[in-house]
There are 2 protein chains.
Amino acid sequence: MAERRRGAARSESARIAVLETTAALFAERGYDHLTIEGIAAEAGVAKQTIYRWWKSKSELVAECLFEGRLLPVDLVPPDSGDIRNDLTTWLDALFRFTDAPENGGLVRSLVIVAAENESVGRQLDASLGVSTLLTTRLGAATKAGDLPAGTPLKEVVDTLIGAVLVHVLQRTPAAPGAAKRLVSLLLP
Amino acid sequence: MAERRRGAARSESARIAVLETTAALFAERGYDHLTIEGIAAEAGVAKQTIYRWWKSKSELVAECLFEGRLLPVDLVPPDSGDIRNDLTTWLDALFRFTDAPENGGLVRSLVIVAAENESVGRQLDASLGVSTLLTTRLGAATKAGDLPAGTPLKEVVDTLIGAVLVHVLQRTPAAPGAAKRLVSLLLP
DNA sequence: AATCATATACGCAACGTTGCGTCTCGCTAA
DNA sequence: TTAGCGAGACGCAACGTTGCGTATATGATT
């Protein structure tokens, strides 16, 4: 049996206020200009209330991320039946998203968090809204015979994400047709 | 004509001491625990001497990087004549380097700098000791007929780097044979 | 059932510490 | 004589911790 709690329960409203404020300030100022004191003030919450529940700034951001509060869009690959077209469409949307200046900063901040926080790093693919779903679709396509049997799915997914990261870090907008070229390269 | 300087010239020994100390502390503690005051103290230099010549911490680290002081190894791809073997060997060495825990932290710190500092980000490939050289080799291989004529070289290089970054961020040691699989995937 | 005791979270506010970036000192070297 | 140098003090911002008084929820006592 779970021993019943004794005193006042954790304030859900405070928790929500903190997470919402964190996500807002993160998107607005980026990770490195994010301060615990700033979040507390803006959220109308005591600093100690934050430190009581979150060990660090990166952990706080991680929770926002895993609750889907950081990325404004759902990057779900479409399902038309043609796996290569779907991948191209999805990758192209991802490129167009990251190429917008404000989003570029957002994703770069996200990369910083991934580099600092192990759990965010490990779930990097999930953080970017992909991974399992994408791998599932690729697996299904392989089974259906749309892809060669030996296609190393994990490598393909990692590689796609990696290409996006490189573009974001290099501040190089994706060239026209880059998504298509990349997909053709990986899944000829 | 270059106007003759008046007054004391910039101290080269101080400059060297600062860069060496920066590289050492960066490798030892990582980027986020690197402080200007710490560098100044360790290098036996006044804080103002640093601020006089470098605008920010990331710029200081960038100069270390571009002078080759940050990465302890030269990651030059071999040249055996077989471009795929060479790529695999090089990529494998890169994986083995980043898989060592202390190096993983180093590269993750480097990613943080690339995310914060535009010039580092833009020269990300050069920072990792690759790019131009690699692209040159790939171009030569294409010309020699070892690779299909339409191979998108830039995409290939970006993709390789991206795959390495993803592994580093995910804290996933590269699986045995990963380098070979990746190269086969990109250059079938 | 009403009351008290205990336990916990809360907002508020202050603490000492660290690192920032700027500034002013003499000293030294070109 | 001028500019870079080491040393170090300054105000500022944010850190992470602590104590205070209040609100709330549970368990024990009347």
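Select Asp86(A) and Arg137(A): both are buried (buried means under 20% relative accessible area, exposed over 50%, partly exposed in between, with a 1.4 Å probe and protein chains only). Their side chains meet in a salt bridge, 3.1 Å from N to O (a salt bridge is a side-chain nitrogen of Lys or Arg within 4 Å of a carboxyl oxygen of Asp or Glu). Asp86(A) lies in helix 5 (residues 83-99) of chain A and Arg137(A) in helix 9 (residues 132-143) of chain A, so the pair ties together parts that are 51 residues apart in sequence. Helices are DSSP runs of H or I with at least four residues, strands are runs of E with at least two, and both are numbered from the N terminus.

The model is predicted: local features need pLDDT of at least 70, side-chain atom pairs count only at pLDDT 80 or more, and totals for chains, interfaces and linings use all residues. Residues are numbered from 1 along each chain as its sequence is written, chains are lettered from A and ligands numbered from 1 in the order in which they are written, and side-chain values use heavy atoms, with hydrogens and water left out.

**More salt bridges**

Over all chains the structure holds 24 salt bridges. Stay in chain A and select Glu12(A), Arg15(A), Glu63(A), Glu67(A) and Arg69(A), which salt bridges link into a network.

Move to chain B and select Arg15(B) with Glu63(B), a salt bridge whose closest N and O atoms are 3.5 Å apart. This pair links distant parts of the chain, with Arg15(B) in helix 1 (residues 12-29) and Glu63(B) in helix 4 (residues 57-66) of chain B, 48 residues apart. Arg15(B) is buried at a relative accessible area of 14%, while Glu63(B) is partly exposed at 23%.

Next, select Asp92(B) and Arg96(B), whose side chains form a salt bridge of 3.5 Å, N to O. The two are four residues apart in helix 5 (residues 83-99) of chain B, so about one helical turn separates them. Asp92(B) is partly exposed at 31% relative accessibility, and Arg96(B) is exposed at 57%.

**Between the protein chains**

Show chains A and B together. The contact takes 33 residues from chain A and 33 residues from chain B, where contact means heavy atoms within 4.5 Å. The chains bury about 3,000 Å² between them, 64% of it on carbon and sulfur atoms; buried area is the accessible area (1.4 Å probe) that two parts lose on being put together, summed over both. Gln170(A), Arg171(A) and Leu185(A) supply 22% of the area that chain A buries against chain B, more than any other three residues.

Which side chains meet in a salt bridge with N to O at 3.0 Å? Select Arg181(B) and Glu155(A). Helix 10 of chain A gives the largest share of the side that touches chain B, 13 residues.

Now select His167(B), in helix 10 (residues 153-170) of chain B. His167(B) is buried, with 11% relative accessibility. Leaving aside neighbours within four places in sequence, its contacts include Asp158(A) and Phe95(B).

**DNA strand D**

Select the 24 residues around DNA strand D; Arg6(A), Lys47(A), Tyr51(A), Thr49(B) and Trp53(B) come nearest (a residue is near a molecule or strand if one of its heavy atoms lies within 4 Å of it).

- Lys47(A): a side-chain N or O atom is 2.8 Å from a base oxygen of DNA strand D.
- Tyr51(A): a side-chain N or O atom is 2.5 Å from a phosphate oxygen of DNA strand D.
- Ile36(A): a backbone N or O atom lies 3.0 Å from a phosphate oxygen of DNA strand D.

**DNA strand C**

Finish at DNA strand C, which 20 residues surround, the closest being Thr49(A), Trp53(A), Lys47(B), Gln48(B) and Tyr51(B). In Tyr51(B), a side-chain N or O atom is 2.6 Å from a phosphate oxygen of DNA strand C. For Arg52(A), the distance from a side-chain N or O atom to a phosphate oxygen of DNA strand C is 3.2 Å. Helix 3 of chain A gives the largest share of the surface near DNA strand C, four residues.

Conventions:
A polar contact is a pair of N or O atoms within 3.5 Å; within protein, one must be able to donate a hydrogen and the other to accept it, and residues adjacent in sequence count only if both atoms are side-chain atoms.
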